[in-house]
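This report goes through a two-chain model by topic. Please keep the sequence and the coordinates open while reading.

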Amino acid sequence: MLFNSYTFLVFYAIVFVAYVALSRKTAGQNLLLLVSSYVFYAAWDYRFLSLILLSTVVDFFAGLRIEKGNNQSRKRWLLFSLVVNLGVLATFKYFDFATESFCQLTAMFGLGLSIPMAEIILPVGISFYTFQTLSYTIDVYRGRVPACNNPLGFAVYVAFFPQLVAGPIERATHFLPQVLGPRNIRRVDLVIGLQFVLLGYFYKVVLADSIAPMVNQFYASPSRYGGSIAWLANVGFTVQIYGDFAGYSMIARGISRWMGFRLMANFRQPYLAASPRDFWNRWHRSLSQWLRRYLYFELGGSRRGFAITCRNLILTMLLGGLWHGASWNFVIWGGFHGILLVGQHAWMVVRPARGNWHLLQGHPGQLSSKILRLAKIMVTFVLMLIGWTLFRCESLSDITVTFSRMFLSPLADPRWLSFAVPIGTAIAIMLVIDVWKEKIKSELVFLRAPVMVRWSVYSMIVFSLLSVGFRPTNFIYFQF
Amino acid sequence: MARENESQLMRTIASMVLAIMIGWVLCESLLRVLVPWPIFYSTWFTEGVHQRDPRFGFVFCSEYDGTMRNADQVWMEPVRLDSRGFRKPAVRGDSDQSSIDNSATQPVRIVMLGGASMGFGYGLADHETLHHQIAERLPNACHIDLVSWPGFTLGQDVQKLTQMTEPSQYDVGVILAYGDDDYRYRSDWDRVDPPNDLHMVHSVVTPRDSAARLGGDLYWDSYVVAGVCRLLRVPANLLAGRESDLDVPPEKAVNENLEDSKPQILMASERLRSLGVDSVLIVALPRQTGFHDAAILPDSTDSMMIDLRREPESLRFDWIAYGHYGPESVKHLAKKIANAIDTLE
């Protein structure tokens, strides 16, 4: 059941009416949310509900045991939770990839082992809810959150349908109290939720889905296009993935807000980032925070010298890449970002020795400072675009062909204008909204605007949605 | 006080109406840039590709020089049609110029029909189409004419063959089977009824669509009206007792299963033979959606058949233009078909 389907609209309307009818009955609302979440998930494949149930039961009891146990038993239960969750993830997501890679490796050494693939279907959203439940047990172990003794509430925390299949990956410290406590549906939440939902659908259905066919067309056979279209298609993917994922996150936040929940903001104007590190503070923030807290810091972070820091950055980003999918292009993409972060780290270490760098930067507000910031944003954008090319390509040969088209092929291609106009329009709209958000330092851009502007934009969005309709396109991040 | 409230209410309503109108204008403007209108209305070609025709309803224009454009995608592929409106024939000379056998210099004349847009090579450049790729792979000189057109049935293709070409000149006929209808039994398989309500947008025929009927002329002028009509067509069809956009449910028209009838591909094969085509090859083509129908290729004594419907399961196929064969897929298919033609010769 996709957010961008009429089935989901009907499903949500029914759930919402029932939810409102159960006002002030938290347990009743939670029961409703749990049942509807399971129905929502079962709409994809009911068999994989068993994995969510397994994760829920294991982590619920592990949390209680960790809290009450002595030092040794606490470690054992944490290890048990890690093994079960990561074991399920490894089996369902990485088993075939590992087998295939092993066979290829043996073939390189002339052994040519042939191990049959298990052909395991990837359960939707498994990476998201696995990381969410893992954060719970780790936080309980560290004493950051008390163990949840309400099984119903914990099950809702794991399976809450608005963010079950593509995040944001909520930490128990932030989300569990909202699930366990009473919730009020206030007018202001409905108004804010409306902006999130409308803007989310606009990003996904109108912008991302309109650009997607051009991108898909290019990637179907990259060798057939010239350099200009290769660049435009990759800018298109940069727009598409942002519209797609940020759109999903906004819809998730909006429909949650209508029910009184506040999910974390997964995006903060990512293409206005002025450095790779800044980008990861703005893009898929729930994942980057998870990786930082539970992986990077565990490895030692930046406290053990330059070399260890570089190793930690590379390792974290490689695993972050692998989290996205069982494919080498994701590993390469992660490695690419790791190298960028290492480069930035090295620059930060070297920079003070260069002395006069700060003079070029000028004071905030000065023209030179603004120009420098703009230059940084543009360089970062191009780097991210190169990263997205690695992310989008389906094979190593596609990566080679696409980069050769981008950097070695002549730019002239007579069809460039048919790509440039829609993609340029979409990215301009996104940038205007993001710059506006950055300027007012708030996501509620339309709520801060005059009423006429707000309602004109809202009606434009509604008319656009009616015009293009819901196309049967999945969200990109559902596959992770 | 009451009057003040009333005027406040009127102001609010006026503001809302104005906001809605601005929103409508913004939407129409934005979508015209984001989704160019011929693509929004799903025209597959640039303007001027079709013209009305009393026999078939419409035909492809002769010497058309334009571009194919996918219904939902913003891309263009140039296409040129010949004097009959067909894609340019694939001509290949004999590679062995020193041959002393005169018959070897006489090219094999082949005609391909059926398969609608898949046979036409929708989305592919001339040299990438199936008939050009087959010509490249045949060992001897050949001349391959392609009769297939997007939107035309196998029966209509046979009618085109008889009315627009001289069938007896062909040594080999290749029938491409793609749609479910091609495997079905029909007594009236080659009957051609020109549609009465053919709608052309900028000389491009658009598929019959109940949404367009709902919106009337406004459907073609406004994205919003078109979008609302598309949304309403499902309940409208339900109310009208239609299951789909087609007026006549396909089962009534085509699934006759008459004892004295045969599947369309066999009927077409027999017709080709009776028109003087020396030998016939029937090719069952694969689909992007996989091998999902249980249609079994019928037996035939006077034509050869090859079933390529499961090819994508073993070979890497590429798909373009929403489910049409990409260049790599065509190469795979061409190799198999060329081998089969070679054995026929």
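## Conventions

The model is predicted: local features need pLDDT of at least 70, side-chain atom pairs count only at pLDDT 80 or more, and totals for chains, interfaces and linings use all residues. Residues are numbered from 1 along each chain as its sequence is written, while chains are lettered from A and ligands numbered from 1 in the order in which they are written.

Helices (H or I, at least four residues) and strands (E, at least two) are DSSP runs numbered from the N terminus. A residue is buried if 20 or more other C-beta atoms lie within 10 Å of its own, exposed if 12 or fewer, and partly exposed in between, with C-beta atoms placed from the backbone.

## Interface between the chains

On the chain B side, 31 residues are in contact with 25 residues of chain A; contact requires C-beta atoms, placed from the backbone, within 7 Å. The elements of chain B that give two or more residues to this side are α1 (2-34), α8 (223-239) and β13 (319-320). α1(B) supplies the largest share, 13 residues.

Sorted by class, the side of chain B that touches chain A has 23 nonpolar, 5 polar and 3 charged residues. In this scheme Ala, Val, Leu, Ile, Met, Phe, Trp, Tyr, Cys and Pro count as nonpolar, Asp, Glu, Lys and Arg as charged, and the others, Gly among them, as polar.

## Fold of chain B

Chain B contains 12 helices and 14 strands. Of its 345 residues, 37% count as buried. Among contacts in chain B with a separation of 6 or more, 70% come from residues 24 or more positions apart.

An open sheet of 6 strands has the order β5-β7-β6-β8-β11-β12 in chain B, with mixed pairing; two strands pair if DSSP finds at least two bridges between them. β5 (90-92) and β12 (304-307) of chain B stand at the edges with a single partner strand each, so one side of each has no neighbour in the sheet. From one strand to the next the twist averages 15 degrees. Within chain B, β6 (108-114) and β8 (172-177) pair in the parallel sense over 5 bridges, and B:Val111 has B:Gly173 of β8(B) as its bridge partner.

Helix α12 (327-344) of chain B lies across β6, β8, β11 (279-284) and β12 of chain B, and runs at about 155 degrees to β11(B). In helix α6 (154-164) of chain B, the buried residues include B:Leu154, B:Val158 and B:Leu161. The cover over the buried residues of α6(B) includes β6 and α10 (264-274) of chain B. Elsewhere in chain B, β1 (50-53) and β2 (57-60) run antiparallel and are joined by 4 bridges. These two strands, β1(B) and β2(B), form a hairpin with 3 residues between them, and B:Gln51 has B:Val59 of β2(B) as its bridge partner.

## Helix packing in chain A

α4 (71-108) and α5 (126-141) of chain A pack at an angle of about 170 degrees, with axes 10 Å apart. Axes are lines fitted to C-alpha atoms, for helices over the stretch in contact, and angles run from 0 to 180 degrees between N-to-C directions. α4(A) and α5(A) are therefore roughly antiparallel, the term for angles over 145 degrees. The residues of this contact divide into 8 nonpolar, 6 polar and 2 charged.

In helix α8 (172-180) of chain A, the buried residues are A:Ala172, A:Phe175, A:Leu176, A:Gln178 and A:Val179. They cover an arc of only 160 degrees around the axis, which puts them on the same side of α8(A); the arc is that of the directions from the helix axis to the C-beta atoms. The buried residues of α8(A) pack against α2, α5 and α6 (151-159) of chain A.

## Single residues

A:Arg24 is not a glycine, yet has a positive phi of about 70 degrees. A:Arg24 lies in the loop between α1 (6-21) and α2 (26-45) of chain A and counts as exposed, with 9 C-beta neighbours inside 10 Å. B:Ala116, also not a glycine, has a positive phi near 45 degrees. B:Ala116 lies in helix α4 (116-120) of chain B and counts as buried, with 20 C-beta neighbours inside 10 Å.

A:Tyr271 is placed in the loop between α10 (227-258) and α11 (276-282) of chain A and counts as buried, with 21 C-beta neighbours inside 10 Å. Leaving aside neighbours within four places in sequence, A:Tyr271 is in contact with A:Tyr242, A:Phe381, A:Leu431 and A:Asp434.

How values were computed: Two residues are in contact if their C-beta atoms, placed from the backbone, lie within 7 Å. Angles under 35 degrees count as roughly parallel, over 145 as roughly antiparallel, 65 to 115 as roughly perpendicular and the rest as oblique.
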